[in-house]
Amino acid sequence: MRELTVAVVGATGVVGTEFLRIVEQRHPELTKIKALASSRSAGKRLSVGGRELVVEETSEGSFEGVDIAFISVSGEVSRRLGPVAVAGGAVVIDDSSAFRMQE
């Protein structure tokens, strides 16, 4: 099976942190995780599954090579980044209300 690359946008927030904890517990085999957040959090270090991740500032180029993007940020940011991630080939899971009424 091909190794997946998972991006977590909002990795330093409450929901992003919980998502990383769940990945650590249930899918420790995931080795390609991109921790993404705002410029305020860029450079922070997170421990996931015994590995250290350095948080990167989220940009439109952040989704290159990403298979699954979990986005947990404001609706405004989701509306901007969600389509970019999809256009880059990622399956996007967004927990904001930005796309709630769209098919």
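Here is a quick tour of the structure above, from its strands and helices down to a few side chains.

This is a predicted model, so local features need a pLDDT of at least 70 and side-chain atom pairs count only at pLDDT 80 or more, while totals for chains, interfaces and linings use all residues. Residues are numbered from 1 along each chain as its sequence is written, and side-chain values use heavy atoms, with hydrogens and water left out. The protein chain averages a pLDDT of 91 (pLDDT is the predictor's confidence in each residue, from 0 to 100).

**Confidence**

- In the protein chain, 99% of the residues score at least 70.
- Confidence is lowest in H1, with a mean of 90, and highest in S5, at 97.

**How the strands line up**

- A word on labels: helices (H or I, at least four residues) and strands (E, at least two) are DSSP runs, numbered from the N terminus.
- Strand S1 (residues 5-9) pairs with strand S6 (residues 68-71) in the parallel sense, over four bridges (two strands pair if DSSP finds at least two bridges between them).
- Within that pairing, valine 8 has phenylalanine 70 of S6 as its bridge partner.
- S6 also runs parallel to strand S7 (residues 91-94), joined by four bridges, and here isoleucine 71 sits opposite aspartate 94 in S7.
- S1 pairs with S2 too, in the parallel sense and over five bridges; threonine 5 stands opposite lysine 32 in S2.
- S2 goes on to pair with strand S5 (residues 56-57), again in the parallel sense, over two bridges, and leucine 36 faces glutamate 56 of S5 there.
- Strand S2 (residues 32-37) is mostly covered, with five of its six residues buried (buried means under 20% relative accessible area, exposed over 50%, and partly exposed in between, using a 1.4 Å probe and protein chains only).

- S1, helix H1 (residues 14-26) and S2 make a right-handed β-α-β unit.
- S6, H2 and S7 make a right-handed β-α-β unit as well.
- Right-handed means that, with the strands pointing away from the viewer, the path from the first strand over the helix to the second runs clockwise.

**Serine 78, tucked into H2**

- Serine 78 lies in helix H2 (residues 75-87).
- Its relative accessible area is 0%, so serine 78 counts as buried.
- Its side chain makes a polar contact of 3.3 Å with the side chain of serine 96 (a polar contact is a pair of N or O atoms within 3.5 Å; within protein, one must be able to donate a hydrogen and the other to accept it, and residues adjacent in sequence count only if both atoms are side-chain atoms).
- Leaving aside neighbours within four places in sequence, serine 78 is in contact with Ile71, Val73, Pro83, Asp94, Ser96, Ala98 and Phe99 (contact means heavy atoms within 4.5 Å).

**Serine 41, in a loop**

- Serine 41 lies in the loop between S2 and strand S3 (45-48).
- At 8% relative accessibility, serine 41 counts as buried.
- Not counting residues up to four places away in sequence, serine 41 touches Thr12 and Val55.

**Salt bridges**

- The structure holds three salt bridges (a salt bridge is a side-chain nitrogen of Lys or Arg within 4 Å of a carboxyl oxygen of Asp or Glu).
- One of them joins the side chains of glutamate 3 and lysine 32, at 3.7 Å from N to O.
- That pair links distant parts of the chain, with glutamate 3 in the segment before S1 and lysine 32 in strand S2, 29 residues apart.
- Glutamate 3 is partly exposed, at 36% relative accessibility, and lysine 32 is partly exposed at 40%.
- Another ties glutamate 18 to arginine 21, where the closest N and O atoms are 2.4 Å apart.
- Glutamate 18 and arginine 21 both lie in helix H1, three residues apart, about one turn of the helix.
- Glutamate 18 counts as partly exposed at 35% relative accessibility, and arginine 21 as partly exposed at 34%.
- Glutamate 52 and arginine 45 form a salt bridge too, with their closest N and O atoms 3.2 Å apart.
- Glutamate 52 counts as exposed at 53% relative accessibility, and arginine 45 counts as exposed at 54%.
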